[in-house]
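Hello,

Here is the structure for you to look over.

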Amino acid sequence: MKYHRGVSVSEDTEKLNRKWRSIAESFSAKECISICPKKPPNQDCCQCGRLVVDHQIYSQRIAEEGELEGQQPWFQSWSSATHTQKFPTNAFGVMEFQGVFNTSRAKYVRLSDDTSESDVLKLLTNLWNLKLPKLLIEVTGGAKDFVLNPKLKRIFYDGIIRVAVTADAWILTGGTNTGVMKYVGKAIREHSLKSQKKIVAIGVASWGIVDHREDLIVAESFKPRTSRAHSRAHNVLPELGQKHCLLKRASEYQEGVKYYRVTSSSMSAGASLDPNHSHFILVDNGTVKQYGVEITLRSKLEKLISKQTLDEGERCIPAVCIVLEGGRNTIQVVFENVTSDPPIPVVIAEGSGRAADVLAFAYSVTKQNKEMSKENKSKLMNRIKEVVAKDDVQSTMENIMEIVTKRELLTVFSVDSEVCAEGLDHTILQALVKANNLPANDQLQLALIWNRVDIAKEKIFKLDNAITEDFLNEAMFQALRDGKPKFVKLLLENGVSMHTFLTEDNLLKLYELSLNAPDSALKLLYDHSNIKLRLNERASGALCLHHVGRLMEELIRNSFKSSYTTERLQRCRCQAGEKRRSRNPSAKDSDETFCGSRFPTPFSDLFLWAILSRKYEMAYLMWQQGTEALAKSIIAVALYSAMSQVAAEQFDMGSFEKLDAQANHYKKISYDMLQVCFEENREYTRQLILVELKNWSNETIMSLAAAVNHNKLIGHPCVQALLTDQWIGKLQMISNRQVILGLLFPPVVAMLSYREVDVIKKYNEIPEEPTTEDIIAEAFRLTDVNDSPDIGVSRNEYETAPREVTSEPDAVEKQALSIRQCYYAFYTAPIVKFWSNTLMYVAFLLIFSYMVLVKIPKEHMGWMGLSLIEWVVMVLVFSLAAEEIRQVITQGDSSANWTYKLKSWSSDVWNIWDAICILLFFVGFFMRIAARHIISQNDEEAIDFLIQNGRILYCIDIIFWYIRLLDVLSVSKLMGPYVNMIGRMLVDMVRFTIILGVFVTSYGVASHGIMKPDQRVMSFEVIKDVFYQPYWHVYGELFLDERNPDCDVETCENGSMLVPLIMAIYLLFANILLINMLIAIFNNTFISVQQNALEIWKFQRYRIILEFRERPLFPPPLILISHFWQIGKELVAWLCGQKVTTHKMKLHLTDSTQSVLYSFEEGCVENYLRQNVLRDQSSQERTVHRLEERLDAMQTKFAEHLEAAKKVQTRFKSMEEKQERTLEGVKEVLHLTMETYRLSDSHTC
């Protein structure tokens, strides 16, 4: 910690102070220090724009020379260089706009007009932390309010925002809330209401024309004090003490907010700043109310930015100027842009008025040879006179004539032209291409930078442009790096081969960029998984793919083995990475030098990279491409689920929700894909979910789905039909009663129904050319699980490689099983193994229960002092233990290590439960053996202790063995969900017990302390008393009839009344609140399980079927025979140098048949995507149809109203006619009356 004036300042505040100090040191402001009056009658104003009396020097001369009235003013030409003084800027920081719809903020700085443009760029990038743009857009035009054509305004709004968003552009404007800048601000405002993506809009304005600029000044005392001597000096600097005071104040300035009022500028000589810009550079040359001060600095800044390179490459940042309306200054800006080095192309919006229309007219009447006729020159001169003042007509004409000679830099954008239909963004790209005469490669680069797939598709690839393969690969890398899936898809459609592109080097670069990116999701995963580099790897700084593989294994768990972590790939890929980082020229093709070939499935590798980098759209695109779509979707479920758990542990709930949504999304994809495949071809789909996936830990679709607990996929009819076939083996549909009857009465086995088997017969005739259907049918012709040679075929159903099609075809016929084959098929069926093991397990429990319940007399004790029944139980338990050891050994393939095997075995909770049961039994067993033969017979106390405690362990152990029956019950469709329900409620109850323990402990300690205040020794009895009664209070046992004998009136008189009160409060919480809460929790668990009961049962069924499919033929204890037989086979195979085939539920296919299967899967992916598109279109069509119906209804109503209006109009006309006739009649009556009156008067006279 550092301290300043006794106040503690954090590191962030120190950094902020250094930033403000740097601004004050680097930038200056200007103020007029001389009085240069204007000519009469405006001699009261200085040529800088301020009144003479507002100058500091005026008040100083008054003090020194007295009144100045009557003195003759001196007149001289005012210059910013000679009549101003610099001082450290006093206006910088953050302003908050007041009077807009919602509060908006912007950063600002006041600086002198002669500030270096490089310092301004450093301010933008280093101090304001803006990233260099991929496009610079200068918008210039009218500074005063004008009316824009509504169509042109909408096109301008859409175009400028689309370009700014897609190209990460900077928009440079005048920054005020008037004219064209106001239109830019409104466009940004509309965008901000629809999107959270910020647009960088930098306003470069004159400090002197900003209304309420005094509100932006940090401190008034920052202004310099000017002496008379200073007024006669040129470029006089402030006094050292003043500057030190200013910097000191700047160092203490916090990032407070200056409130800025936005007012109407119609009655003001200046203008307010636009509230929708994000940054403001206020250029000061010492003048007030003078426009155009910023033009030179802005032009220099644009040139400097346009010379910067994109992403450390060779291409410079493109810049473009857009002209709307405007006057003389606008024409001057265009002139400077087209004549600068490098020149900046200009897009002119014809129809916006004034200067823009003048430039568009000049462009249109100029011929290709850049000449203009006298008549057109005369017309142009007349147009110029309407825009600029008389004194500026000639100079403006000369500038325009110079501008139109640069036709390649000018592009006219008209509302009525074809270019307008394509949008302003197309026009900008066209202007850049036209100005720089860009080749196709550079055009594609610009489209890629702006993420404009439509432009690249319609304007670049359609024109048969020659784009080199190397550049396409480079564009592919940039599109992957920047996360632009639409561009990746476009490049794939236009000739990019991912097999050629994705080398070891490129994939490692993508992982490194993701790992080193700010807020890297990949780095967070590595840190969470505690994956550290070895010493040699840490020294070389090399990232190898086996690190990625280890990360995947850590995330997926469930004994998943990544293909990146094999010994060969580990070695070669680390060497490739180290050699690549050494920048050795020979490391160019490191992937081929060290690893042989490129990636066989590049889309799968990129799919993993996109998932780990959290590029969701890119991952979905990679899922659509290549093979193994089903496997990739399940891997995505596993990875996204694990990543969401990591995010939840780090309390990143936003990422958790996104990752969890992605996991659910891919669950739906995998299920829908399987459904599409199943509807397309059921037989192919059955094989697809069983084929061995060499790239995914040698697993299958079904085993991966089970590993990630994808209950819905396991419950799919295709998977369940396959499991049913496996469950009953070669038996026809059979009931459990028939199985039990066959086990108890073996003759019944021959009377059961069996499926026919395939018998292969050879033909000698020449076969016809096999079709693809023949190949796949031959490859997928399957036999039973453990077929013996006697059945007619010796291949294993899911382990044997498919038969190749030879020149002599095989004819397949159906044949019924023989008696011997029937018995073999019966006893090898998983359902029969299940029931034989279950019946033997029940018998084991009965024998064990008898041993626990009945005490065997000593005279009946057998060998080693143990009874025969105890030895029988021991043999049964030993056979069960041997089976558990066999399961551990057979986990995974032969290359799996023991860690992998143990992890895979322990992933099943019931396996751990079996281990506990076996361990408890053998501890009790050896205790009883030790009592008989190890402990001295004279030590009767020790002998009794071991015998009795060994028997107690037996009693405890049998509890676990009985609970093990729940696993057997889980195969039942009715009871299986309840078993799962018990497991989930057990977890809820453990959590509830922790909460309950808090209340039990608090009440027990308090009540015991009150009732027994004289307790002197802490013992087990004290701890028991603390928990005993409070625990039983929960179940309603209150012990009200018991009294504490140790409590007398003197010791606990005060507390004897308090304990019942505490107990009442405790019972209120424990018995009413907590117990009802537990019931509610259980009810919620019950409802959730009941809703998915069928899926849960199907998943439990899969686990049982898989276990008993691989279990040996005989049940315990005869299972030991199978174990010894298997050990013998392993020894013989090891001595003969052969390998024993294991019976896994997998299909091993040749490359040709596997390619046919994957082609089928790819076709299903296309169908799935097509169905999604059609579904979306149908929903859109329904929406359009509803809109059409509403429109028709509105038209009908409109026609009815129109008809009614016509009737009313007709009535009005008839009423008008009647009224006219009535008026005529009245007129006639009046006329007659007047005539009568006149005649009567004449008669009277």
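The disulfide count is zero, taking a disulfide as a pair of cysteine sulfur atoms within 2.5 Å. C32 is in no disulfide. The nearest cysteine sulfur to C32 is that of C48, 3.9 Å away. C32 is buried, at 4% relative accessible area. C917 is buried too, at 0%. (Buried is under 20% relative accessible area, with a 1.4 Å probe and protein chains only.)

This is a predicted model: local features need pLDDT of at least 70, side-chain atom pairs count only at pLDDT 80 or more, and totals for chains, interfaces and linings use all residues. Residues are numbered from 1 along each chain as its sequence is written, and side-chain values use heavy atoms, without hydrogens or water.

Now the cavities. There are five of 30 Å³ or more. A cavity is a set of points, on a 1 Å grid over the protein atoms alone, where a 1.4 Å probe fits but cannot get out. Points are joined across faces, edges and corners, and the volume is the space filled by probe spheres set on them.

The largest cavity holds about 330 Å³. Its lining (residues with an atom within 4 Å of a point) has 21 residues, and N837, Y841, L880, R964 and R1111 are the closest to the centre. Helix 38 (830-853) is among the elements that give two or more residues to this lining. Helix 38 gives the most, six residues. Helices here are DSSP runs of H or I, at least four residues, numbered from the N terminus. By class, the lining has 12 nonpolar, two polar and seven charged residues. Asp, Glu, Lys and Arg count as charged; Ala, Val, Leu, Ile, Met, Phe, Trp, Tyr, Cys and Pro as nonpolar; the others, Gly among them, as polar.

Best wishes

Notes:
On a 1 Å grid over the protein atoms alone, a cavity is a set of points where a 1.4 Å probe fits but cannot get out, and a pocket is an open set with protein on both sides within 12 Å along at least five of seven lines; lining residues have an atom within 4 Å of a point. Buried means under 20% relative accessible area, exposed over 50%, partly exposed in between (1.4 Å probe, protein chains only).
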